[in-house]
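Here is a short note to read beside the structure.

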Amino acid sequence: MFKQIPPIGLFVLWLLLLTGTIFFSEWVQIKSHESSIEPSFENLTTTNAASKPKAQVHPEKAVPEDIIKYIFVKKGDTLMKLLVSNGVDKNQAANLITSLKSIYELRSLPIGHRLKISFAANSYNANHKYNKVKDFSFLKSFNQEVVTSRKPSGTFKSEIMIKSFETEDVFIRGKITTSLYEAAANQRTPIKLLMELIRIFSFDVDFQREIQKGDTFSILFKRHLNSDGKSVHNDKIEWAKLTLRDKHIEYARYTTTANNYTDYYNREGKSVKKTLMRTPVDGARLTSRYGKRKHPILGFTKMHRGVDFAAPKGTPIMAAGDGVIEALGRKGNYGKYIRIRHNSTYKTAYAHLSKYKRGLKRGKRVKQGGIIGYVGSTGRSTGPHLHYEVIKNGKKTNPLSVRLPAGDALKNDDLKTFLSHFVSIDHRIIKAKAN
Ligand SMILES: [Zn+2]
């Protein structure tokens, strides 16, 4: 991790170590703790107590230790409130906050976030306030820490410390036996990346009818490692491929230079995004059709003009495309029903919902991929499933056979850059596979 630090940097680091401000090593420790399990507020509140100074073997050599407190942000907390309730006097807290505001938008402190305050040793006064905050810090992201510290003059200074980690390419390939979810879990695919994978292919693939036993998925992503070689963060999927019996779909992530827009594009430079999604439901919860003996799912037939996605009650349903809510309410056999108008050609309908997303109303605009409701079994239904209809020019159309307009294509310089980017991805895949 210190590879690229110039001699002067090493000198400064040495000074820091010498003065006891072993900031980096401590941080690494914090981070590895956080990456193991997402901390939930409930089970961590008990660790709020200030750490006690360790017993000293040689009292004459004892250096008083700073008092460190960890605070977790709760709903309705303001930083002022948190600081004051943890023993910082109002004046100091106000100065600290003013300094912090110069580099950080305070409103964005997330609930459950961990804040660290260190107080100078022996600074607890008769009023039960610490009269000297030495520094205050929290992680803004896995590699950015916001630090506000006291200067010798007594005023506060705030800065964002950037930590660089070693990275490695990770290639994962999984064979689907029962569901994509299980295949991914078997290959220890991080859950966040699995969700991304499903999102990427939800435009092209009907995850319930098109996935077969023996189909495979592959992904490439970058992983950040701490000095112990432990994973601290995974970047987004950079490349993904789905190999189905009769189609191969492959996308690479790219950010346009023209307008700094990030999306996934195929080898021709065409965007993954289509007008509508083929699987407008959280695909991770779906099981493939062949797995069950007696499957409740009906395909699109003359009698049944839609497709059904069997999924557990409560599975989120997404808007298949951008549009406006045209209908929302009970509708006979359909039960709880939503219809979205996307443009002059397409509408989509969703039936048997257990409930609607809170606040959703007729006339409201929705974004593609945004949650509109949850799977249920209302109306005439044998079990929890989403009944999904694509209505083209007023006619119910088989979502599997409807040819959707392709997404935006990269052009000019962006296309050229993207094509060479894809070549470098190919090289990285070969290298990562070999590891
Ligand atoms: Zn149906």
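1. Terms first. A residue is called buried if 20 or more other C-beta atoms lie within 10 Å of its own, exposed if 12 or fewer do, and partly exposed in between; C-beta atoms are placed from the backbone. Helices (H or I, at least four residues) and strands (E, at least two) are DSSP runs, numbered from the N terminus.

2. Basis of the note. This is a predicted model: local features need pLDDT of at least 70, side-chain atom pairs count only at pLDDT 80 or more, and totals for chains, interfaces and linings use all residues. Residues are numbered from 1 along each chain as its sequence is written.

3. Overall picture. The protein has 8 helices and 20 strands. Of its 435 residues, 30% are buried. Two residues count as in contact if their C-beta atoms, placed from the backbone, lie within 7 Å. Among contacts with a separation of 6 or more, 64% are between residues 24 or more positions apart.

4. Helix 5, length and faces. Helix 5 covers residues 90-101. The expected span of a helix is 1.5 Å times one less than its number of residues. For the 12 residues of helix 5 that gives 16 Å, and the end C-alpha atoms are 16 Å apart, which agrees. Which residues of helix 5 are buried? They are A93, L96 and S99. Seen down the axis of helix 5, these fall within an arc of 130 degrees, so they line one face of the helix. The arc is taken from the directions from the helix axis to the C-beta atoms. An α-helix has 3.6 residues a turn, so residues three or four places apart point the same way. The face turned away from the buried side of helix 5 carries the exposed residues K90 and N91.

5. What helix 5 packs against. Its buried residues pack against helix 4 (79-85), strand 3 (133-141), strand 4 (144-150) and strand 5 (156-162). Helix 5 lies across strand 3, strand 4 and strand 5, and runs at about 45 degrees to strand 5. For such angles, axes are lines fitted to C-alpha atoms, for helices over the stretch in contact, and angles run from 0 to 180 degrees between N-to-C directions.

6. Two strands pair if DSSP finds at least two bridges between them. Here 5 strands form an open sheet in the order 1-2-3-4-5, with antiparallel pairing. Strand 1 (67-72) and strand 5 are the edge strands, each pairing on one side only. The twist averages 20 degrees from one strand to the next. Strand 4 and strand 5 run antiparallel and are joined by 7 bridges. E145 has M161 in strand 5 as its bridge partner.

7. Strand 7 (residues 216-225) pairs with strand 8 (residues 231-243) over 9 bridges, in the antiparallel sense. H224 stands opposite H233 in strand 8.

8. Strand 19. How many of the 8 residues of strand 19 are buried? The count is 7, in a strand that spans residues 385-392. Strand 11 (residues 307-310) runs antiparallel to strand 19, with 4 bridges. A310 stands opposite H385 in strand 19. Strand 15 (residues 346-353) is also antiparallel to strand 19, with 6 bridges. A351 stands opposite H387. Strand 19 and strand 20 form a hairpin with 2 residues between them. In its turn, N393 has a positive phi of about 50 degrees.

9. L404. This residue sits in the loop between strand 20 (395-397) and helix 8 (412-434). L404 is partly exposed, with 19 other C-beta atoms within 10 Å. Not counting residues up to four places away in sequence, L404 touches K274, T275 and L276. L404 and D204 are 200 residues apart in sequence, yet 9.5 Å apart in space, C-alpha to C-alpha.
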